Amino acid sequence: MRILLVEDDPTVRGFVAKGLTETGHLVEQADNGKDGLFLAVSEKFDVIILDRMLPGGIDGLRILETLRSQANATPVLILSALADVDDRVAGLKAGGDDYLTKPFAFSELLARVEALGRRGRNESAPQTKLEINGLEMDLLSRTVKREGQKIDLQPREFRLLEFLMRHAGQVVTRTMLLEGVWDYHFDPQTNVIDVHVSRLRQKVDKPFEQPLIHTVRNAGYMLRAD
Amino acid sequence: MIPAPTEPDEQDLPERRRGFRLPRLSLKALRYHIGGLRSAGVRFALGYAVLFWVSAGLFLSVIWWGTASLLQRQVEASVAADARALSERWSDGGLSALALTIEDRLEDNVDDDALYLLVDPHGERIAGNLPSWPEAVAMSNVWYQLTIKRAGIRGVAEVQSFDLPKNYRLLVGRDVRGRSTLRHLLTDTLFWAWGIITILTFVGAFFVRSMFRRMISSIARTTSAIAHGDMDRRVPLSGRGDEIDEVAEAINEMLDRIKRLMDGVKQVSNAIAHDLRTPITRARAQLEYAALHAKDETTLRAAIEEGVSDLDNITAVFEALLRIAQIEAGSRRSAFATFDLMPVLSDIVELYEPLADEQGSRIVLRAPDHLQFYGDRSMIQQAVSNLIDNAIKFSPHNGTITVAVATGFNPAPGDRAGGRIITIDVSDQGQGMTEADMERASERFFRADAARNTPGSGLGLSLVQAIVQLHGGVLQFYSRSPGLCVRMYLPLPEDDGKKQGTDMTEDSQTYHLQDRPDLLLSQS
């Protein structure tokens, strides 16, 4: 993916850019609001990572508002030290697609950026069926089959699996699951998510030879075919 | 300013200087006491004084003017009546009758203030008590004011002349010496009254000013003491319950709130200073040790990973602290809305059920089907999650964690007495808490001895406490045998409370909190 990274702190910028390049993305960098805005409007990107507080008179939200007012729908991930709920709401209202507070783990950032990039590509056609390596999910009848065998899932387990399948091949972090499946925006002290995923594994993976749900160390989970 | 007695030559000079200085001093003192026009008290008192003074002056002037003109009109009316009667006498009985009548009238006049003069066409006096026709009186039916001399006394008279047939002329008047005396008396009296009123005005103004000063200065003293750091000072109340007391109460309330907020900030900074040092030290030691002693890459990596996870924990603690401080500051009411509490609770229970299952315990939810609640949904979620999280941590194998919701009435006296409240209980069957621990349980970073070895930051219950307070509720801990029950008392919105009461299922209890009269659902 072609990613624009607008971040003024050189250490954070270097760290993120290096990480994204290593995972096979093309990264353009800007260290102030003016350059960032210029790049964002003049070139085409798959995802923009935007710091909120930027030098150069133009802050992240201004860039975002300008982009949206020009009908530019490039997915934007806001990166900010402002962890306040109100700040988060302000960022999302301005047209941001996701919000990540500093300090963050790179794996979390990567997972979210890839999710955004994917969403930008296949949002056009609403899907009724998801299928990965013999695991089929019918979104209309809300049934799941694997190798022709029906799997009974609780409503929440269904939504968890749906989320994983929609992000198949990508890392999905625990926070993303908590936000996407449960709509909770706080960190529970214990890792309740792990238990839910392991229950889902019991039903989806255990009776079969090849596991589909993989744990990615220090990051989260991934549903993939190999 | 007392001269040094060693120099007798200069004795005279400082003496004189002191003489000069005294008025200056007193002027300064006066200015201090009055405070100049910048003082609101002085302006207030002066305004009062001027208003009172002017209105008293107006009032007295009206009295004076009214009395004087009444006297004037009386004179005019009696002269006119006299003249009319006399001219009738002329037409009835002619000159002799008129002359006789005039003599009669003069004799009957007890006050000796009547003036008559009847003259023939040559100006010769026929009857009356004036020696001759005054030269000034030329026209008839016009008032003249004359100085006349009668029996050796000069006086003022008001006269009018009337033309009679055959060029005879009649002069009728009144000696107004008495009236002038009365008027002078009245003027003097009113003047003195005004003088006294002026003095009273200034005395009153002084009292008004000092009263004003008294009530303002107690507030000013308190606020300036607070500004200088004495946060415990409060504005004294007079107990009369007047407007001043209302202002004082409002200020005191504000000060209480400021103090609470400052305490919160102090607690957070203390927490950062003391409690965050430990994990930071650990992370630092971890990384430093690895940098110095790691033999191979694997150990180095492991150490760095551990350091990073330590830092993540520190961040989490930071966020929790800030969040608590923010909630305690009461600035997060913007997200308050009415929502159905029950699906929110069942979602949380569902989220934690597998976790409890893993630990060998189970969660039971006892609640009505629907319950409208007014508050911040995400905060209530977090509070209940924290409580369930705790309960799971301390629940024994095969234990039951109960989440029970009930509605009831607030029995506490005060504004919210009798208001509908909701209680959310989260109880476990673990080892419980001692009384002393319960009291400190919601303090930041407090961890009971029994909990030292479980993961956690000691901020979970502080956050719950802050959330409950933001919603105007109370958090209480009760001992169960065995176990602990944490109960949140939260006020319900008034309007749809009654409607919801019927939705309650049979098995959910209704608490009438008579057994907890000490419980106060106070405003946070």
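Modeller: On one side of α1(A), P10(A), T11(A), K18(A) and E22(A) are exposed.

Colleague: What does the word exposed stand for?

Modeller: Exposed means over 50% relative accessible area, buried under 20%, and partly exposed in between (1.4 Å probe, protein chains only). This is a predicted model, in which local features need pLDDT of at least 70 and side-chain atom pairs count only at pLDDT 80 or more, while totals for chains, interfaces and linings use all residues. Residues are numbered from 1 along each chain as its sequence is written, chains are lettered from A and ligands numbered from 1 in the order in which they are written, and side-chain values use heavy atoms without hydrogens and water.

Colleague: Which residues of α1(A) are buried?

Modeller: R13(A), V16(A), A17(A), G19(A) and L20(A) are buried in α1(A). They cover an arc of only 165° around the axis, so they are on the same side of α1(A). The arc is taken from the directions from the helix axis to the C-beta atoms.

Colleague: How many residues does helix α1 of chain A have, and what span is expected?

Modeller: Helix α1 (residues 10-22) of chain A has 13 residues. The expected span is 1.5 Å times one less than the number of residues. From first C-alpha to last, α1 of chain A reaches 18 Å, close to the 18 Å expected.

Colleague: Why is W53(B) called partly exposed?

Modeller: The relative accessible area of W53(B) is 35%, so W53(B) is partly exposed.

Colleague: What about F394(B)?

Modeller: F394(B) has 26% relative accessibility and therefore also counts as partly exposed.

Notes
Helices (H or I, at least four residues) and strands (E, at least two) are DSSP runs, numbered from the N terminus.
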